[in-house]
Amino acid sequence: MRNSNLDAPLFYQLLIGEIELREGDAGTGYQVLLDAARKTRDERLFQRATDIALQAKAGEQALVAARAWRQAAPASLEAHRYEVQLLIALNRSAEAVEPLRSTLALVPVTERAGAIASLPAYFARATDRKAASAALEQVLLPYAEGRLAGEAPETAGVAWAALGRSRLAAGEPALALDAGRRAQAIAPNAESVALLGIELMRSEPAGEELVKNFLAADPPAADVPRSAVRLVYARALAIGHRYAEAVPQLEAVTRDAPQFVDAWLTLGALQLELKQPARAESALTEYLARAEAAEAAAGPAVPQAIDEDAATPAQRRMQAYLLLAQAAEQRRDFQAAEGWLAKVDSSQALPVQVRRASLLAQQGRLEEGRALIRDLPERTPEEARSKLLAEAHLLRDQKQWSEANRVLANANDLYRDDTDLLYEQAMMAEKLDRMDEMEQLLRRVMALKPEQSAAYNALGYSLADRRMRLPEARELIVKAMELTPNDPFLIDSMGWVEYRMGNLEESLEWLRQAYRARPDTEIAAHLGEVLWMSGRRDEARSVWGAAHSRDAANDVLKETLARLKVDL
């Protein structure tokens with residue numbers, strides 16, 4: 001039996017410290033317990049003193065206690081971790097270098113790669129990201145460059161991946177990409193490198209090569225990590241409107257890792273966007289069957305992908321019903337659509353009534369549809385705003401431009417400087433050929449939200465489509481593409497402005513890229529026109545024919561074929 005260091009004086013000291021805390025005197029309690037910790041060198045007392053200071057939001061005092069703890073117990077990993085985390089929280093990243101080096105030295109070699117991989121998360125709370133990144137460089141470069149004897153080979157790859165994440169957080173995507181490439185050269189099957197590549201796609205498009213290399217690695221990565229990465233990658237592609245590229249990734253997930261049940265839900269949603277209602281229904285009904293089986297089972301919750309959102313199974317099921325209603329609506333099976341809507345619970349009142357309103361409008365009962373939306377309760381200002389936006393969208397879909405513009409103008413009177421409402425009204429002004437009004441509204445959106453690419457693109461495309469101020473139109477689209485790289489609609493706009501400027505080959509290059517990423521009907525109309533004007537008429541007919549089979553009612557496609565006097 002180990003003898004206790006707790007003698008009578010120390011016992012009373014600890015008792016006094018705890019009493020002071022209960023009485024609300026955290027400062028005295030902290031001092032008493034820290035003094036006791038120093039006398040006994042008891043790690044539990046050091047941790048208690050540090051935690052007291054943290055609870056009192058006294059960061060400097062917590063750091064004093066953590067440093068005293070580490071000095072008293074130099075082999076304590078917990079003491080090192082406390083000191084490092086406190087220094088980062090206090091935005092003193094440079095001072096964290098030495099304790100961080102000591103921390104890693106204490107970690108067993110077999111666990112060091114995992115410890116290194118977790119370091120960027122340590123620094124996520126730092127407000128000075130560049131200083132945090134510089135500190136990590138000092139600590140991790142020796143591991144990344146293989147300068148430390150006795151390290152496992154995979155440690156270097158993990159270190160480069162961690163440096164990549166840190167550099168990206170510091171706003172240095174080019175350096176992050178370089179680190180990712182170095183990591184992948186050492187560890188081609190590293191899941192962390194692929195995830196870094198997905199993060200990079202937003203600011204450094206070349207980061208996508210890290211993802212593609214991982215998915216094509218030979219020998220291939222284990223099925224579950226590879227499928228998890230595919231699912232995250234597919235969602236990143238979907239966010240960028242690259243639906244046609246996302247679908248094969250999701251199909252691979254449903255084949256290789258059926259435990260990721262939500263892959264069917266995402267797949268169905270994307271197929272719906274691609275005007276493939278039959279395929280969407282197949283994926284969505286498969287999702288519902290698998291989700292029901294998983295919920296009925298007594299085992300643990302259904303495994304989800306790395307970036308799974310917080311939606312509950314019930315919420316996802318409601319989403320599937322709404323999507324199935326939309327798929328039936330695309331097939332113009334209004335009775336089936338209503339059947340799916342009837343399954344959605346009352347928490348989704350607005351989405352359900354919007355779909356019902358759309359069903360009525362398509363049957364010539366537009367005013368009844370508007371009444372459904374208007375009769376919804378308005379418990380919050382956001383609900384009132386959403387109702388106005390939904391009514392405007394209903395009118396827009398029925399080509400009631402003037403009335404939609406009136407609804408939006410009234411909404412903008414109620415909700416001043418709402419960029420979504422301003423943008424929607426600008427689109428209605430464009431439909432009404434009120435170019436000055438449209439430009440004024442879009443310039444207002446740019447002023448209020450300069451990072452929103454849609455406003456730059458909308459103005460640039462509208463000018464190009466009317467052959468107005470073409471150099472300025474191109475500059476606006478370039479700006480939009482800088483803000484949102486790889487968006488197929490922005491790439492389509494660039495192709496269209498090049499066409500209007502007479503640069504047919506450059507236009508074709510852009511439009512082919514846009515169409516590969518998303519075979520949207522309007523993109524197909526543009527690509528077909530440029531192919532036609534370039535003398536590639538058989539290819540143009542093929543592109544138009546495929547688009548016509550998916551969406552024969554599309555106005556842009558119909559106008560293009562009529563203007564060029566093409567009969568498919």
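Biologist: Which handedness has the crossing of α30 and α31?

Modeller: The crossing of α30 and α31 is left-handed; the term applies if the near helix is turned anticlockwise from the far one by less than a right angle, and right-handed applies if clockwise. Helices are DSSP runs (H or I, at least four residues), numbered from the N terminus. The model is a predicted one, in which local features need pLDDT of at least 70 and side-chain atom pairs count only at pLDDT 80 or more, while totals for chains, interfaces and linings use all residues. Residues are numbered from 1 along each chain as its sequence is written, and side-chain values use heavy atoms, with hydrogens and water left out.

Biologist: At what angle do the axes of α30 and α31 cross?

Modeller: Two packed helices are described by the angle between their axes and the distance between the axes. Axes are lines fitted to C-alpha atoms over the stretch in contact, and angles run from 0 to 180 degrees between N-to-C directions. Helix α30 (residues 537–550) and helix α31 (residues 555–563) cross at roughly 140°, their axes coming within 11 Å. α30 is therefore oblique to α31; angles under 35 degrees count as roughly parallel, over 145 as roughly antiparallel, 65 to 115 as roughly perpendicular and the rest as oblique.

Biologist: Which residues make the contact?

Modeller: Contact means heavy atoms within 4.5 Å. Trp544, Ala547 and His548 of α30 meet Leu557, Thr560 and Leu561 of α31. This contact has four nonpolar, two polar and no charged residues, where Ala, Val, Leu, Ile, Met, Phe, Trp, Tyr, Cys and Pro count as nonpolar, Asp, Glu, Lys and Arg as charged, and the others, Gly among them, as polar.

Biologist: How do α7 and α8 cross, and at what angle?

Modeller: Helix α7 (residues 109–122) and helix α8 (residues 129–144) cross at roughly 150°, with axes that come within 12 Å. That makes α7 roughly antiparallel to α8, and their crossing is left-handed. Arg112, Ile116, Leu119 and Pro120 in α7 meet Leu136, Leu140 and Tyr143 in α8. By class, six residues of this contact are nonpolar, none polar and one charged.

Biologist: At what angle do α21 and α23 pack?

Modeller: Helix α21 (residues 381–397) and helix α23 (residues 419–431) pack at about 20°, with axes 11 Å apart. α21 is therefore roughly parallel to α23. Arg385, Leu389, His393 and Arg396 in α21 meet Asp420, Leu421, Glu424 and Met428 in α23. The contact of α21 with α23 divides into three nonpolar, one polar and four charged residues.

Terms used. Helix = DSSP H or I, 4+ residues; strand = E, 2+ residues; numbered from the N terminus.
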